[in-house]
Amino acid sequence: MELLKKLKEVGSSIIPILALVALMHFFITPLPAGSLTSFIIGGFLLIAGLSLFLLGVDIGLLPIGERIGSAATRSKHLLVLLGTGFLVGVVIILAEPNIAVLAEQVKGVNPSISKTSLVSMIAIGVGFYLMVGMVRVVFHLSLRLVYLVSYALLFILFIFSPIEMMGIAFDAGGAATGPLSVPFIMAIGIGIARVQKKQNDADNFGYVSLALIGPTFALGILGLFNDGGAASSGEVSVAAAGNFLSLIQPSLAMTAQALVPLLLLCLFYQFLLLKMPLGQLVRMVTGFVYLFIGLTLFFMGSNGGFIPVGYQIGYAIGTYNRYLLLLVGAVIGAITVLSEPSVWVLVNQVQEITQGHIKKPLMLVALAIGVGLSLFLAMIRVITGLAIWYFVLPTYALAVFLSFFVPDLFVGLSFDSGSVSSGPMASTFILAFAIGSSVSVGGNPLTDAFGVILFVSMTPVVIVELLGLVYKRTQKKMAASKGGKSI
């Protein structure tokens, strides 16, 4: 049964975090009374919610996403294609649960940042860059050059945008590539590829990583008009753990607010371009029912369990011994990436693309070490207050540089791999953990904690590129040994 499969996938990503927090509660830093119970209840609500949510995505959204991409491309009207990219990008972000969770946490740290402005700019950014991704494929533009120009402009922009907005902006990019947006955007891309006269495997990648750039750009622009707020005084608003019954009504309201625009979008394209038969429409509506129930449970579990307890555990460990945050951060990073279902899809994909030359265990170990190191560095930033510039600029400069040397197929694949690594755990537990840690050591969460989702997503880019170089070298050696021509 498909639901059981989803429960197994999601459970494997959340249960390790539950076990880690339980161990820390009993052996290192006890949590307040009832918090561990609330965390476990929240964890099981997340498992049930995300499982139903992902099942709804598979049943109701992916098929219509592919049809929208194909229909927009087949229309041969550039304005229809561009309008589809922008409209889908905007609406999908309004429904993305990671963005709703991120906006609530930003509001808790600094209420002066408008939640409406934040979400609106993120949505516009994703819409614009999804449009760019479609144009790139249709006109066969170089993905390397798109990355080079985009990241160069991005870092120039942040010279003028306030540092308080930089971490939030990069985290928005990581959160925007969440459990709803990633599969739907990829479905759009598959639909476009199917009607292209000349198909290229490399064109199937890059949509997701471009969607990550858009929100970062948009919030950088917002920062030019909004300074991101003054330095935090340590007063952070975090809801108490538990009280799940009281969360039912607000969670239902958040879910309705998220899904109604998405449903209207699907119906709009159904009547305008798709004309799906009744059976497929019933399937789509069934998918939306799963989406509604799953998203409601997700909001209840994250707001009643994962976010408040994530904050508590970060605060408790930072108060107990700030340097222990380094070890705990590294362990959380390794566990998160190894238990993320999207990462397993990625490593299987790489093993298949490289015809087994890059083995699944090698890539999993590399990703675990890389993301563990990323959160180790993120905790260094929390403890020392080092600017995010020192970490982000060299990493992305290296990533863009390496993109000119890896095989074409690995360019979009490597940047997309960073996007899939930052799943729901990053937006809920890990970000809350970083905020609590920052407050405990007397730091400023706006500048020291936000950016941690970016840290989860940026290391896999370089790791997959390095594996691409290994693959390229292996292919050359094999070709040379056969006296043939390298590929």
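Ala, Val, Leu, Ile, Met, Phe, Trp, Tyr, Cys and Pro count as nonpolar, Asp, Glu, Lys and Arg as charged, and the others, Gly among them, as polar.

**Ground rules.** I'm working with a predicted model, where local features need pLDDT of at least 70 and side-chain atom pairs count only at pLDDT 80 or more, while totals for chains, interfaces and linings use all residues. I number residues from 1 along each chain as its sequence is written, and side-chain values use heavy atoms, with hydrogens and water left out.

**Cavities.** I searched the whole structure and got two cavities of 30 Å³ or more. A cavity here is a set of points on a 1 Å grid over the protein atoms alone where a 1.4 Å probe fits but cannot get out, and lining residues have an atom within 4 Å of a point. The largest cavity holds about 40 Å³ of space, the volume being what is filled by probe spheres set on the points, which are joined across faces, edges and corners. I listed its lining as Y151, S209, L212, Y396, F415, G418, S419, S457 and V461. Sorted by type, that lining has five nonpolar residues, four polar and no charged.

Which helix gives the largest share of this lining? It is helix 16, with three residues. (Helices are DSSP runs of H or I, at least four residues, numbered from the N terminus.)

**Helices 3 and 5.** I looked at helix 3 (residues 78-95) against helix 5 (residues 115-138): their axes come within 7 Å and cross at roughly 145°. Axes are lines fitted to C-alpha atoms over the stretch in contact, with angles from 0 to 180 degrees between N-to-C directions. The residues of this contact (heavy atoms within 4.5 Å) split into 18 nonpolar, four polar and no charged.

**H140.** H140 isn't a glycine, yet its phi is positive, about 55°.

**Q105.** I found Q105 in helix 4 (residues 97-109). Is Q105 buried or exposed? Its relative accessible area is 6%, so Q105 is buried (under 20%; exposed is over 50%, partly exposed in between, with a 1.4 Å probe and protein chains only).

**L265.** This one sits in helix 10 (residues 248-274). L265 counts as buried because its relative accessibility is 4%. Beyond its neighbours within four places in sequence, L265 contacts L87, V88 and V91. L265 and V91 are 174 residues apart in sequence, but 7.5 Å apart in space, C-alpha to C-alpha.

Definitions and conventions:
Helix = DSSP H or I, 4+ residues; strand = E, 2+ residues; numbered from the N terminus. 1 Å grid on protein atoms, 1.4 Å probe; cavity = no way out; pocket = protein on both sides within 12 Å on 5 of 7 lines; lining within 4 Å.
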